[in-house]
Amino acid sequence: MTAVRHQFVALSVAFVLCAATNGTALAQKKYDTGASDTEIRIGNIMPYSGPASAYGVIGKTEEAYFNKINAEGGVNGRKIKFISYDDAYSPPKTLEQARKLVESDEVLLIFGSLGTSTNGAIRKYMNEKKVPQLFVASGASKWNDPKNYPWTMGWQPSYASEARIYAKYIIKEKPEAKIGVLYQNDDFGKDYLRGLKDGLGPKASMIVLEDGYDTSEPAIDEHVVKLKASGADVFISITTPKFAAQAIKKAAEINWHPMHIISNVSASVGGVIEPAGFEVSQGILSATYVKDGSDPKWNADDGMKRFYDFLAQFDPKANRLDAAVAFGYGAAQTMVKVLQMCGDDLTRENVMRQAASLQDFAPDTLLPGITINTAPDNFAPISQLQMMRFKGKSWELFGDVLSSELGR
């Protein structure tokens, strides 16, 4: 009996030790560079200066949102340290800043950096370093390529998908249209143009003129005059805010009143329409996935109430009419959701794993019916849009929420 008792005791001790060891393993926290028990370091690159400086407000809004999260105790008890640098919308500068963030500031990830050509300049570097390049603020289709670039993910609907929706609308509403396209002569503009032609299909000959401009140009007035002279009765403006406002103004000055479609990235009331002039902007078309902070119909919406409360407390100088503010809030909210999902495993690999497993997540500023969904083979979080027409001092939504796939 004594031998049996000793054997039982030995087994019991071994079981307890094993259980304790397993418990420790289960509770063990995992960190990569940029994360600790108290802090999560997030990098960001924005055009606070240069031709796309109107988008700088996105970075400011994201910073304010992270300040809100920190004031509420952080993410799982960890405060976010948000380090944001200016690249003046210059790809070489973007790469310089990305290296600084990764190698000197030692961030866990880079989040929400803006621009197609700028993010394109750092994509290879980020993937070689295996550092997440999350929720890129650009609608280029190439961010959805998990097979070749598993560390890079977009956020907004792709430009090509948006353009296919416009093509579908034109074919239905103006089947004999003559289309003039003003596009930014870079990856951003060319992605839209490809999507438009794809959507028009055999009717791509409806495009009578494609006119590209460079961001170094101070104004695009001559391009608008040229497009009018082409005989186009549909004007598609694939432009960033500064040039979108110029195009609206110039079309009015030369008494040209085509069906005017502007890209979603330039549909901001505060950043584009108001500077161009409400009177000359009536009837302009676009598509969106974000609620319009200038529209009083959202005042009773629970999500927008939270958004307005956030602005009042943490970002009082922000212009609620600027769509970029709602964009930055929604993107930052998505980033925080992913970090919350990571729990105590704040490795870069787990960050990407959680980012690729979002299901029906609805940030406060997205339109009803539009949710964020990702998967290991789907790095395109938002794939829905709704057409809208500018009326009075705000955008008026019409039609159904469309999946971008429907434009194919």
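A crossing of two helices is called left-handed if the near helix is turned anticlockwise from the far one by less than a right angle, and right-handed if clockwise. The model on screen is a predicted one, in which local features need pLDDT of at least 70 and side-chain atom pairs count only at pLDDT 80 or more, while totals for chains, interfaces and linings use all residues. Residues are numbered from 1 along each chain as its sequence is written, and side-chain values use heavy atoms, with hydrogens and water left out.

**First stop: helices H8 and H9**

Select residues 241-253, which form helix H8, together with residues 269-276, which form helix H9; helices (H or I, at least four residues) and strands (E, at least two) are DSSP runs, numbered from the N terminus. The axes of H8 and H9 come within 8 Å and cross at roughly 25°, where axes are lines fitted to C-alpha atoms, for helices over the stretch in contact, and angles run from 0 to 180 degrees between N-to-C directions. That angle makes H8 roughly parallel to H9, a label used for angles under 35 degrees, and the crossing of the two is right-handed. To see the contact (heavy atoms within 4.5 Å), show Pro241, Ala244, Ala245, Ile248 and Lys249 of H8 with Gly271, Val272, Ile273, Pro275 and Ala276 of H9. By class, the residues of this contact divide into eight nonpolar, one polar and one charged, with Ala, Val, Leu, Ile, Met, Phe, Trp, Tyr, Cys and Pro counted as nonpolar, Asp, Glu, Lys and Arg as charged, and the others, Gly among them, as polar.

**Along H9**

Colour Val269, Gly270, Val272, Ile273 and Ala276, which are buried in H9 (under 20% relative accessible area, with exposed meaning over 50% and partly exposed in between, for a 1.4 Å probe and protein chains only). The buried residues of H9 pack against H8, strand S10 (259-262), strand S13 (384-391) and strand S14 (394-397). At the start of H9, a side-chain oxygen of serine 268 reaches to within 3.4 Å of the backbone nitrogen of glycine 270, and just after H9, glycine 277 takes a positive phi of about 120°.

Proline 275, within H9, is partly exposed at a relative accessible area of 41%. Not counting residues up to four places away in sequence, proline 275 touches Lys249, Val269 and Gly270.

Move to strand S7 (residues 179-184), where glutamine 184 lies and counts as buried at 0% relative accessibility. The side chain of glutamine 184 makes a polar contact with the side chain of threonine 240 at 3.1 Å; a polar contact is a pair of N or O atoms within 3.5 Å, of which, within protein, one must be able to donate a hydrogen and the other to accept it, and residues adjacent in sequence count only if both atoms are side-chain atoms. Beyond four places in sequence, the residues in contact with glutamine 184 include Tyr89, Tyr213 and Phe243.

From there select tyrosine 89, in the loop between strand S3 (79-86) and helix H3 (91-104), which is buried with a relative accessible area of 10%. Its phi is near 65°, a positive value in a residue other than glycine.

Finish at histidine 223 in helix H7 (residues 221-229), which is buried at 14% and touches Leu182, Asp211, Gly212, Tyr213 and Glu217, not counting residues up to four places away in sequence.

Conventions
Parallel < 35°, antiparallel > 145°, perpendicular 65-115°, else oblique.
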